[in-house]
Amino acid sequence: MANDASTVFDLVILGGGSGGYAAALRAAQLGLDVALIEKNKLGGTCLHNGCIPTKALLHAGEIADQARESEQFGVRTTFEGIDIAAVHKYKDDVIAGLYKGLQGLVASRKVTYIEGEGKLSSPTSVDVNGQRIQGRHVLLATGSVPKSLPGLTIDGNRIISSDHALVLDRVPQSAIILGGGVIGVEFASAWKSFGTDVTIVEGLPHLVPVEEENSSKLLERAFRKRGIKFNLGTFFQSAEYTDNGVKVTLADGKTFEAEVLLVAIGRGPVSQGLGYEEQGVAMDRGYVLVDEYMRTNVPTISAVGDLVPTLQLAHVGFAEGILVAERLAGLKTVPIDYDGVPRVTYCHPEVASVGITEAKAKELYGADKVVTLKYNLAGNGKSKILKTSGEVKLVQVRDGAVVGVHMVGDRMGEQVGEAQLIYNWEALPAEVAQLIHAHPTQSEALGEAHLALAGKPLHSHD
């Protein structure tokens, strides 16, 4: 390995996804000399195989549903079907524009960008393209890939991952989705809008099982209404090809058949064969272990994003990358409160939350110390106009701050910003109730819920 000792960077980053490029941009902004190494495309999973393309598909599905259902608004339209090639072009154009902008941003910050497959070669260096890139500090940000189960081979044909689903050249007539978490319900929602007969298989008792149980039940009710089928509480056992597709067998012997099986059980860290363990980095089941400041057990190495066992969200990666950059630049940093991170599942209807669930609050504070309130969107004018249903649920410590906001309904992801401020600034219901929300907006639902929790409900019953 040729040793290019002419430059020693302040920071060498392995991985150009959300966490890696955010760290690069912020570190360069703070005057550090940065090298960013990425084997595929700058932007990583979120931009190319995750957040952005899936939301584009979901929006295309929303347009299809609106075309089918427009007569309820007094608008006559004819729905002629899905042109999947055109949908992909729309999706790819969105990605291409953001990708070009990100490339320009990295170049403008004078980050040294290296395309190639890197490997950690010492606590202060990464080998890539036959060169040794030296740094005073190394940040590992190699991300994640779709997971599977023992004995279940994702072949890209009839048994596919989310990566394959994003480029599928047809709308499947029928699909089984293994996993009822964020990825599973988002694809179920998009495919149903495109006309696919969808069945979700989830081993846990509810869809989106990490969310507030009330939100899960509301989503399940909405999915039943949409004709999205699901089987809960029984785990997967096996899958096999049939003449026309795939047959899935569950642990209780129940079987389902469809054209394709989408394996959506989550994502696992990309860490194998990259030199981490050889350099003494502490690991657990493939994840790199870090403290609250994203430091590994090796003083010159940090790690962020899906590679570490925190929330697998692009905006978490951004925040973790920025934290590392600012710490290395000598700024005062504050550990991330992961409960205070907004979480959105972009299915129809959307599920959005920040803070902790009612069950967690009771565990932390005691059942007698927890107060909850539900505000039905039926009382919200804008939600009525949009013909969406759902609820805002607040979780409060008695006589104290709101510690959880859980919302279900179309466009609730756009309301989670205010919910984030309420949680992170430890707002009291009476303080939020003093704020005047524009009418008619869906943000009023948050305001009305806090009015009710403060003991002065307006458009809701005592």
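A: Let's start with helix H6, which covers residues 182–194; helices here are DSSP runs (H or I, at least four residues), numbered from the N terminus. H6 has 13 residues and reaches 18 Å from its first C-alpha to its last, close to the expected 18 Å (that's 1.5 Å times one less than its number of residues). Keep in mind that this is a predicted model, where local features need pLDDT of at least 70 and side-chain atom pairs count only at pLDDT 80 or more, while totals for chains, interfaces and linings use all residues. Residues are numbered from 1 along each chain as its sequence is written, and side-chain values use heavy atoms, leaving out hydrogens and water.

So how is H6 placed? Because 10 of its 13 residues are buried, H6 is largely enclosed by the rest of the structure. Buried means under 20% relative accessible area (1.4 Å probe, protein chains only). Among the buried ones are Val185, Phe187, Trp191 and Phe194. Just after H6, Gly195 takes a positive phi of about 110°.

Now for a pair of helices elsewhere. H1 (residues 18–29) and H8 (residues 314–328) pack at an angle of about 35°, with their axes 7 Å apart; axes are lines fitted to C-alpha atoms over the stretch in contact, and angles run from 0 to 180 degrees between N-to-C directions. The contact (heavy atoms within 4.5 Å) includes Tyr21 and Arg26 of H1, and Phe318 and Ile322 of H8.

Zooming out, an automatic or database assignment gives domain 1 (9–144 + 269–329), domain 2 (159–265) and domain 3 (349–454). The centres of domain 1 and domain 3, taken over C-alpha atoms, are 31 Å apart.

Note on methods: Helix = DSSP H or I, 4+ residues; strand = E, 2+ residues; numbered from the N terminus. Buried < 20%, exposed > 50% of the residue type's maximum accessible area, 1.4 Å probe, protein only.
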